[in-house]
Amino acid sequence: MEFQVPSLNLLIVLPVLIVTGWGMLLMLAEFFIPEEKKSWAPWLTMLGLVLALIQTIGLWGYNGGTFTPKGGAPMVVVDNFATFLNIIFLLTGILTVLISIHYLRRTGLDRPEYYMLLLFSVSGMMLMGMANDLILVFLALELLSIPLYILSGFAWPRPDSEESAMKYFLLGAFSSSIFVFGIALTYGSTGTTSLPLVLERISDAGMLGLVATAMLIVGFAFKVAAAPFHMWTPDVYEGAPTTVTAFMSVGAKVGGFAAMLRVFVAALPQLGEAWVPAVAGVATLTLIVGNVVAIVQPNIKRMLAYSSIAHAGYIMIAVAASVNSPDGVSAALFYMLAYLFTNLGAFAVVIALEHKQGEGVMLDDYKGLGKRRPWLALAMAYFMLSLTGVPPTGGFSGKFYVFRAAIEADLLWLAIVGVITSVISGYYYLRVVYLMYMYDGEGEVVANRALVWTVGLTALATLVLGLLPGPWFDMARDAALQTVQMVAGG
Amino acid sequence: MVEQIVFILVSLFTLITAVVVVTNRNLFHAALALMASFLGVAGLYVLLDAGFLAAAQLLVYIGAISILIIFAIMLTRRLMHALESPFNSQWGLGAFTAVVAFAVMAGVIAQFWPVTPDSVTPLASRPEVSASILRGSVAELGRALVSSDAYVIPFEIASVLLLAALIGAIVVAWPKAEDE
């Protein structure tokens, strides 16, 4: 048999290759580096992520795919949509490494496996945005999730960390099986798993296609922690090491939405009449549950868990609007970018106050922070305002674009629900600000240089997105057009 | 006709053993019933002319996964002899959910009844399956998994996934440095 050089465009998947390859490299490097120099792992990880980020930014504007099966569509596509999301994922990875370095050392979790699993999870997230085939979506989902199951249990034998990993794993496996059932029914009703081919054939699929769509919604809703599939979130977020919680609350959520947007907007727009009301309903429930239950949480990690549920609801609004409004997808993308900086910044402050694992995470520990660490308190107050959606913050711009897209898509009621729940959310976000400035209290704060840098950078980015959202939204619009054009082009 | 009788028998076997799995009070017996149920599924694959899949089912599910479950039960002594009711306070809700899910699926599938090769609309557009695959050619499957114009990328991602799971298993199982 003669040897054929396969005609693959590996250059465009290079960012993912770098990230996965770097994970394996770390594994090998561990053997050759002496015990006393173990502090290399985070910086080496960072180097890999930065290299992948540079490569990803270089791909901006590229539009193409590779790994094309005979007579089919490419399995992996690289367009601005994927590139935009990959930038979000890589930034999430970099910021997570920055907040992890000192935290892991002081909690005794500093093992190189942490960074390997982080890299594998990031590569899964990147594939979520690039996957153009349901098989690949499923594998990317698992590659994203399995390292997260382990990372949330990384602080074993602490019981709450073990509980967190166990709950996340069991419910995650269950929801994955529903998701894969949905893929099987899609294949059964269309004879293909390739998204562009599903798009061509799904209108003939009848009821079977609708049941498949419902199952796919359930699978994604679990991954992004939307109600009524959010039950795992508070316990998992509370029990997992805080750096992992920070990573999960941004990475896994954006990863879920990346694939959800690609699948629903690029492959299933014809079923929009069926899934738009369903997604809008899920969004409403998510917004109400997340924002109302967050009010009574005394633990800041639990509060941020419910807050992240609520933010999944806002992004869901944009997903529901994405079929009938040209700006739906770009609003979702912009919102996720703003959410990345705001939420990771808030978690960085939480980590600064968590002097020992599981201690210093109650809201009462924030009393008097304004006097003890004025800059840190100011940053936290700013993040809280951004999460509420008060101008001039990235969170405000994100909500503005999301609500505008919803109104364009004739979902005015959904935008109203969003505004009302934002007002409710002000109560628990601003309480943190109130506690920091109106009370006296003493508690340790451990802020090392990397952490302070992260807080500063994320606050700056949130400010930039709040003051000058225009250019960034135009970027998100460039990123979204590809998806919408694919719909129009068939 | 004979094929249908065999199909019904194999299906009944699979379903009955599956019911035993969830109702048996002894976990060990439930695990054995699970193996029998997997065997029934392998039988269904044979009936569908999917010989390789049936062999894989035997090797992976019965040969590996069931054995793993039995090991896990035998290593935890408390579970080995415990007779615990498999029902908890939420079984009613669970049964309700299962019945509703079944009714929805059955309702959707019933729309395609009676099934003839031309009548099944959603399946009308399915691609032709090449003859070599129908013959159960393992070589074809293997080639598809490593060809760049077929499924090489899912295959590679699956291998990264397994590597991540392997690292994870070691992280979870290896004693921590301070315990040594």
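A: The C-alpha centres of domain 1 of chain B and domain 2 of chain B lie 24 Å apart. Domain 1 covers 1-80 and domain 2 covers 135-180. This is a predicted model.

Helix 11 of chain A spans residues 272-294, and helix 17 of chain A spans residues 412-438. The two pack at an angle of about 15°, with their axes 9 Å apart. Angles under 35 degrees count as roughly parallel, so helix 11 of chain A is roughly parallel to helix 17 of chain A. Their crossing is left-handed.

Which residues make the contact? Helix 11 of chain A brings A:Ala280, A:Ala283, A:Thr284, A:Leu287, A:Ile288, A:Gly290, A:Asn291 and A:Ala294. Helix 17 of chain A brings A:Trp413, A:Leu414, A:Val417, A:Gly418, A:Thr421, A:Ile424, A:Ser425 and A:Tyr428. Ten of the contact residues are nonpolar and six are polar. No charged residue takes part.

Now the aromatic rings. There are 20 aromatic pairs over all chains. One of them joins A:Phe179 and A:Phe220. Their ring centres lie 5.0 Å apart and their planes stand at 70°, so the pair is edge-to-face. A:Phe179 sits in helix 6 of chain A, residues 159-190. A:Phe220 sits in helix 8 of chain A, residues 207-223.

How values were computed
Residues numbered from 1 in each chain as written. Chains lettered and ligands numbered in written order. Predicted model: local features only at pLDDT ≥ 70, side-chain atom pairs only at ≥ 80, totals over all residues. Heavy atoms only, no water. Axes fitted to C-alpha atoms, helices over the stretch in contact; angles between N-to-C directions. Helix = DSSP H or I, 4+ residues; strand = E, 2+ residues; numbered from the N terminus. Parallel < 35°, antiparallel > 145°, perpendicular 65-115°, else oblique. Left-handed = near helix turned anticlockwise from the far one by under 90°. Contact = heavy atoms within 4.5 Å. Nonpolar A, V, L, I, M, F, W, Y, C, P; charged D, E, K, R; others polar. Domains from an automatic or database assignment. Phe/Tyr/Trp six-rings, centres within 6.5 Å; stacked < 30°, edge-to-face > 60°.
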